2 protein chains.
Amino acid sequence: MREITFRTIGGGDVSIFAADGEKILDVARKANVAIDAPCSGNGSCGKCRVKILSGAVSADETRHITPSEYSSGWRLACGSEVCENALIEVPDIASAYRSRMKTADLSSPEEIAVFERIIKDLSSAGLSFGCGVSSFILSLGPPSLTDTMPDNERLIRSVSAKLGVSRNKVRLPFFCLKKLPGLMREGGFSLRVVAEKREDSLEVLDLLSPEDKLPVCGVAVDIGTTTVSALLADLENGRILSKASSGNGQIRFGADVINRIIEQSREGGTKKLLDAIVSETLLPLIDTMCRDAGVPKDRIYRVTAAGNTTMEHLLLGITAEHLRMEPYIPAFFTAEPFDPALIGIALSPSAGLRLAPNVGSYVGGDITAGTLASMIWNEDGPEMLIDLGTNGEIVFGGRDFLITCACSAGPAFEGSDISCGMRATDGAIEDCRIDSETMEPSFSVIGGEGTLPVGICGSGIIDIVAGLFRAGIIDGRGRFSREGGRIMRDEYGVGRYVLADAEESGSGREISINEVDIDNFIRAKGAVFSAMMTVITSLGYSPSAMERIFVAGGIGGGINIKNAVSVGMFPDIPENKYTYIGNSSLTGAYAALVSSSAAGMLEAVAAQMTYVELSTEPGYMDSFVAACFLPHTDASLFPSGGAL
Amino acid sequence: MREITFRTIGGGDVSIFAADGEKILDVARKANVAIDAPCSGNGSCGKCRVKILSGAVSADETRHITPSEYSSGWRLACGSEVCENALIEVPDIASAYRSRMKTADLSSPEEIAVFERIIKDLSSAGLSFGCGVSSFILSLGPPSLTDTMPDNERLIRSVSAKLGVSRNKVRLPFFCLKKLPGLMREGGFSLRVVAEKREDSLEVLDLLSPEDKLPVCGVAVDIGTTTVSALLADLENGRILSKASSGNGQIRFGADVINRIIEQSREGGTKKLLDAIVSETLLPLIDTMCRDAGVPKDRIYRVTAAGNTTMEHLLLGITAEHLRMEPYIPAFFTAEPFDPALIGIALSPSAGLRLAPNVGSYVGGDITAGTLASMIWNEDGPEMLIDLGTNGEIVFGGRDFLITCACSAGPAFEGSDISCGMRATDGAIEDCRIDSETMEPSFSVIGGEGTLPVGICGSGIIDIVAGLFRAGIIDGRGRFSREGGRIMRDEYGVGRYVLADAEESGSGREISINEVDIDNFIRAKGAVFSAMMTVITSLGYSPSAMERIFVAGGIGGGINIKNAVSVGMFPDIPENKYTYIGNSSLTGAYAALVSSSAAGMLEAVAAQMTYVELSTEPGYMDSFVAACFLPHTDASLFPSGGAL
């Protein structure tokens, strides 16, 4: 056996014994050291870079590693094996998915405003705030020899009188009955009762001391394939108490849903994937939010979670295997609310977790929740929601119909599939302009003044490609057509544009975008554009018929619509018809959490959505191929293209 | 530290380290060695006898131990302390409460008949068999590219169509959703579904392989203060699959409810008492029944339990402290059904445990269940149910009214409070005649031909006292008025009647009944008689107005009514008006388990019962004092007394 020590930035050293021939990536997984492996270790993505500080590994796979990097000790964890004791550095950029969070703006006034606005929007559509959960002080008369009613009866009658619900429709859960006798007597026969009123019934959710003033909370969470975002809200007034976000811990089992499903179907895989999302991701997020808000976890009574169909299956520990294989059958679209303790999330014993409903194998609860938040279901004219996550999903329609589809854009917009790509966290280049004359870039980096760039997030990639194209640096096929300055070529002649060299970057590695990256991006934007057009034209509409297009997704501080149009990602209609609405899945989950009528509308909206499978849609493939060009092979679709 | 080794008959040796000065009883409790301590170790009952085989203990308390016993090594565990290493024998009679079960007749045709009869009785009162639980095979069509319904939807629609329940009223619990995708495909899209149909809704309780033919089960259990009895039944046809009974593991914390409540209110007491009834008593009983019936525990979907008010509180791990102190307030009379896993009984994940409702602090679910089984609620004339358990409880009335009370008879009828008393298990003298001439006894012993007596159970005590009185051996006050033969006196002149000397007994100790025992018995029977009379006369009735009196309780193979009347325990009305109905609490629990209408009637009967607190009832105390005589101080109440 050899001793392998992983050194993580800020995380210290972790040592583990391993046998000769074991893959470094597998050894790291065993040691619970997170190494990004979007391709799940098949050598294709080149993300799982590690640096050998001492000792050695035997490296079979040297794609993605330059000779000079190789001689500095860089290897791919998935392409190297144990051969002697070694000290291995896991670079910060690789662990950024998990260890670093862009918390700076998570409670910015702009973000809070999004959540405040949704309540107003819903209210204008006739959906009121309020999830039926309230807390109140009850003073019960003390028992006596002439008033010997049992404790539970005394409480239930009083609650029933207070809230106007018939006595036999009041439910008192077991753990509340257990604490009732002591609590009643300690509080001088006064109690704080937390209860949820439904149509004609009432459930006591908790019994607390009358001195207890802590808020009664709920959690809304968006479970993205790449990023998980959550907020803690006061159920009684909707106020957001704290927010947090982090990478999805499952990312080490693959960047996309297909690789995750394959991992899940292996021996012990269900538990591994469940642990990765629950123990490694959701529990730390909930702990962080509770600590920030000064609220114990057992004050969380309701959770609303939205994720794509696969994420929801993995979260429940339910096999997603049949989603992957013809005829692509999910175990559920809609699951009944359940106790989150059943998946290892212990909150209040009366907590319930409700999932946003899925509508297709590849259009999930994140999209139905996002549709709720977009309000397009309440409009006459056809409008559109497009969510740019690890995949791209589209909803088109209004009050009378809603059709939806998913396009396999790949994870380019979340920074995967791009050599220097990263999530929209500290260090990411989030917007960029390129001077046509000097070919010099000017960009801003998430994390504020002075933060050095370590990679490029989705919104940055759009800007860079648009800038390169507009400056004539790349042609319609994404090939470099100018030379010199920041344009370099590797030994095989593959061109790249350098945004920051090793000295200028925060990671000590050059930050650049190469022809392979641009090719991946063009296929991604082509998938999005052709999906939008297929949906719009299949119903006989043209893009100009749309009043508004809502763009959602966590791809940066926002998206430069002009640039997105100029690369042919979005239809060429006036910029003011586009609205970037951020993480609409989380907004929708929040709305369903704090408003029972919104939760009801979420179900209704989902039921109204018709899923279109693009892969079997005639014409989609041709449309996709035609869109794999900057801005498009049919330039007439982008009349204003040159003017932008 | 000293090493103390306990040697139990059949249980081997258990060693534990203990400090000088620790009570042997406490050391035994720590070592999980069960020693009977009905008085909870205050030295008053003399039941916790142990024998020092080697080494020594320092014994302060020598009451209940004769000098010759003392010199043979007998001590009271509660009155002895550790002073050096010791090997201590825990005699069989003391462990009989836990280790030995009278299983011989538990599935006798007579007993089975009791359970079959209750279904017929209920049916004649218009209450049908059936608890709504059924199992059936469902064949679902396989999904295809043109039929892509999610697995849960496919199942729910099929179940809903099969049982005629609207689709949105079908509940599928989380664990069933989890196993659905795999099970469906393994079984070729056929499944065995276990479901419970309620008014207009339906809950799926389980999903099984279509090859699975095992029964769908429920458990009924009577939790007595001294004895716990249970049965395993097939919920689909009511058939009894197995039965078991054992002592209540809580007995080492006291014979009566008061001592148990005191123990519960001590540090860690709630858990100790809960463990004693759940881990030490119910789980082994359930295991035994499941093994006997060849059914795994997760096939148990419903549990109905009946116990007195304190037992039900202790079972739920809810404080019973306030039951003991003025104004004597229970936490609940009626508790909602709950998942038995919450108290450590893991059956099917969809299992529910329902308690028979209590109606007073000292009239509990065992009596309401017994009342259901007695059928007196369905009769015109006043009838009576008297349950002789560790206490005596009485229900009097019929269709128009039901009043109930408890009398603190003490545990004499279950063998406690009597020097050679024991539960009605193997070795107990259960009936007895005494020849007036020769003063010789003839008795039968539970356990069949050849079983040597080791003690006297409740029915035996009644017979012996009646026999001694009728033979003129004792007088109306219970004092010995004849001498010689089997009558002995101790050094203080206290008389006793020897049923078996040390050689004739199975325990090597003389079996006798002494004046203290008889005094305890007279107070117990006086409490029962005066309670019966107070209830009857308070409503202006006389005993002769009653059509039938049902005698229930596990006090032996039956009760000799003539003898019970002749000692003044029961009113002097014709013997054929009395019916012994055994464990009516278990019968009632079984009825409520297998019949939803019986369960509903149980609630209705409980709601109709009026609880009378005897201690505040005028005249009760005088009536009790007058009844503490054989047969009674007012001989006119027992006109036929001499003739019996």
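A search of the whole structure, which is a predicted model, finds 16 aromatic pairs over all chains, where rings of Phe, Tyr and Trp (its six-membered ring) are paired if their centres lie within 6.5 Å, and where planes under 30 degrees apart count as stacked, those over 60 as edge-to-face and the rest as tilted. One of these pairs is formed by B:Phe570 and B:Tyr578, which are stacked with 5.4 Å centre to centre and 15° between the planes. B:Phe570 and B:Tyr578 are both buried, the term standing for under 20% relative accessible area, with exposed meaning over 50% and partly exposed in between (1.4 Å probe, protein chains only). In chain A, one aromatic cluster is made up of A:Phe396, A:Phe401 and A:Tyr541.

Local features in this predicted model need pLDDT of at least 70 and side-chain atom pairs count only at pLDDT 80 or more, whereas totals for chains, interfaces and linings use all residues. Residues are numbered from 1 along each chain as its sequence is written, chains are lettered from A and ligands numbered from 1 in the order in which they are written, and side-chain values use heavy atoms, with hydrogens and water left out.

B:Arg49 lies over the face of B:Trp74, at 5.4 Å from the ring centre, and the charged end of B:Arg75 is placed over the ring of B:Tyr70, 3.6 Å from its centre. B:Arg49 also forms a salt bridge with B:Glu69, in which the closest N and O atoms are 2.6 Å apart; a salt bridge is defined as a side-chain nitrogen of Lys or Arg within 4 Å of a carboxyl oxygen of Asp or Glu. This pair links distant parts of the chain, B:Arg49 being in strand β3 (residues 49-59) of chain B and B:Glu69 in helix α2 (residues 67-71) of chain B, 20 residues apart; helices (H or I, at least four residues) and strands (E, at least two) are DSSP runs, numbered from the N terminus. B:Arg49 counts as buried at 6% relative accessibility, and B:Glu69 is buried with a relative accessible area of 16%.

Over all chains, the structure holds 55 salt bridges. Among them is the bridge between A:Arg302 and A:Glu196, whose closest N and O atoms are 2.2 Å apart, and this pair joins distant parts of the chain, with A:Arg302 in strand β13 (residues 300-307) of chain A and A:Glu196 in strand β8 (residues 190-197) of chain A, 106 residues apart. A:Arg302 counts as buried at 15% relative accessibility, and A:Glu196 is buried with a relative accessible area of 10%. In chain B, the side chains of B:Glu196 and B:Arg302 meet in a salt bridge (2.2 Å, N to O), and both residues, B:Glu196 and B:Arg302, are buried. A network of salt bridges links A:Arg192, A:Asp212, A:Asp298 and A:Arg299.

A:Glu312, in helix α9 (residues 309-316) of chain A, is buried yet has no salt bridge, the nearest side chain of opposite charge, A:Arg354, being 11 Å away; for charge, Lys and Arg count as positive and Asp and Glu as negative, while His and the chain ends are not counted. Not counting residues up to four places away in sequence, the residues that A:Glu312 touches include A:Phe332, A:Leu355 and A:Asn358, contact meaning heavy atoms within 4.5 Å.

Chain A is superposed on chain B by a rotation of 180° with 0.0 Å of shift along its axis (RMSD 0.1 Å), and the two copies are thus related as by a two-fold rotation axis. The same surface serves both copies, since 100% of the contact residues of chain A recur in chain B. The superposition is by least squares on the C-alpha atoms of residues with pLDDT of at least 70 in both.

As to the backbone, a cis peptide bond with omega of about 0° joins A:Glu326 and A:Pro327, and A:Pro327 is placed in the loop between α10 (321-324) and β14 (352-355) of chain A. B:Tyr328, although not a glycine, has a positive phi of about 55° and is partly exposed, with a relative accessible area of 35%. A positive phi of about 65° is likewise found at B:Met375, which is not a glycine, and B:Met375 is buried, with a relative accessible area of 6%.

Terms used
A charge sits over a ring if NZ of Lys or CZ of Arg is within 6 Å of the ring centre and within 35 degrees of the ring normal.
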